[in-house]
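Trainee: I would like to go through this structure with you. Could we begin with the strands and then turn to the interior and the pocket?

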Amino acid sequence: AARAAQIGAQLRAGRSVALVSDAGTPAVSDPGARLVRAVRDAGFPGVPIPGANAAIAAISAAGLAAERFVFLGFLPAAAKARRELLAVVARIPAALVVYEAPHRVRDTVVHLSAALGGERTLVIAREVTKKFESITQTTLNAAPAWFDADPNHERGEFVLLVDASPKPEAVAVESALD
């Protein structure tokens with residue numbers, strides 16, 4: 001946000017500017033979205049250049065049963081907001097994609113299990129496209145044991161993929177989002 005005015009001035013001066021990140025696709029669950037919004041509000045186009053995207057890479061390697069997914073990004077830190085969001089998406093017949101940091105990943109898995117049911121398949125994609133990448137399939141109930149098995153399992157950046165419920169419910173997405 002602090003750099004948006006400077007970048008706007010550079011664009012008005014006819015310069016080309018690029019937003020580059022060493023942590024995945026800028027502006028996807030990332031504060032870079034503020035900069036993109038400011039540039040677009042100033043009348044300049046945003047031109048995407050495809051690159052690494054942890055969510056899409058993880059989905060492509062997960063072997064999910066669900067044919068659709070809902071990207072949730074980082075879940076809210078506040079417990080009430082997190083519970084409310086998970087209650088809304090729990091019945092959607094799609095996989096849920098969540099980003100998480102190492103210091104919150106265990107708690108997030110516990111919250112996902114409580115809200116969605118522990119029998120649901122969880123794919124833990126850690127350090128996607130990086131040297132220490134690992135992609136593990138388990139259930140939400142069994143995930144804490146996976147973290148307990150090796151302290152390195154809590155290191156890195158995470159994409160948590162919760163497959164759609166194996167018990168399909170007759171619910172329309174519109175009613176789940178009301």
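This is a predicted model: local features need pLDDT of at least 70, side-chain atom pairs count only at pLDDT 80 or more; totals for chains, interfaces and linings use all residues.

Trainee: Which residue of β5 does L122 stand opposite?

Mentor: L122 stands opposite V162.

Trainee: And how many bridges join β2 to β5?

Mentor: There are 5 bridges between β2 and β5, and these strands run antiparallel. Within that pairing, V97 has L161 of β5 as its bridge partner.

Trainee: Is β5 enclosed or open, then, and why?

Mentor: β5 is largely enclosed by the rest of the structure, because 5 of its 5 residues are buried.

Trainee: Which way do the residues of β5 point?

Mentor: F158, L160 and V162 point one way, whereas V159 and L161 point the other way. All of them are buried.

Trainee: Let us move to the core. Which residues touch the most other members of the largest nonpolar core?

Mentor: L112, L122, I124 and L160 do, in a core of 22 residues. The elements that contribute two or more residues to this core are α4 (79-89), β2 (95-100), α5 (105-116), β3 (121-126), α6 (143-149) and β5 (158-162).

Trainee: Which of them gives the largest share?

Mentor: That is α5, with 4 residues. As general background, nonpolar side chains tend to be buried together in soluble globular proteins.

Trainee: What is I124 in contact with, leaving aside its neighbours within four places in sequence?

Mentor: I124 contacts S134, I135, T136, T138, A143, W146, F147, F158, V159 and L160.

Trainee: What about a second core?

Mentor: A separate second core has 14 residues, including A55, A58, A62 and V123.

Trainee: Changing topic: how much space lies in the largest pocket?

Mentor: The largest pocket holds about 840 Å³ of space. Its lining consists of 26 residues, and L19, V36, V47, P48 and I49 are the closest to its centre.

Trainee: Which elements give two or more residues to that lining?

Mentor: They are α1 (4-12) and α2 (32-41). The element that gives the most is α2, with 3 residues.

Trainee: How do the lining residues divide into nonpolar, polar and charged?

Mentor: The lining of the largest pocket has 19 nonpolar residues, 6 polar residues and 1 charged residue.

Conventions: Residues are numbered from 1 along each chain as its sequence is written. Side-chain values use heavy atoms; hydrogens and water are left out. On a 1 Å grid over the protein atoms alone, a cavity is a set of points where a 1.4 Å probe fits but cannot get out, and a pocket is an open set with protein on both sides within 12 Å along at least five of seven lines; lining residues have an atom within 4 Å of a point. Grid points are joined across faces, edges and corners, and a volume is the space filled by probe spheres set on the points. Ala, Val, Leu, Ile, Met, Phe, Trp, Tyr, Cys and Pro count as nonpolar, Asp, Glu, Lys and Arg as charged, and the others, Gly among them, as polar. A nonpolar core is a set of buried Ala, Val, Leu, Ile, Met, Phe, Trp, Tyr and Cys residues joined through side-chain atoms within 4.5 Å. Buried means under 20% relative accessible area, exposed over 50%, partly exposed in between (1.4 Å probe, protein chains only). Contact means heavy atoms within 4.5 Å. Two strands pair if DSSP finds at least two bridges between them.
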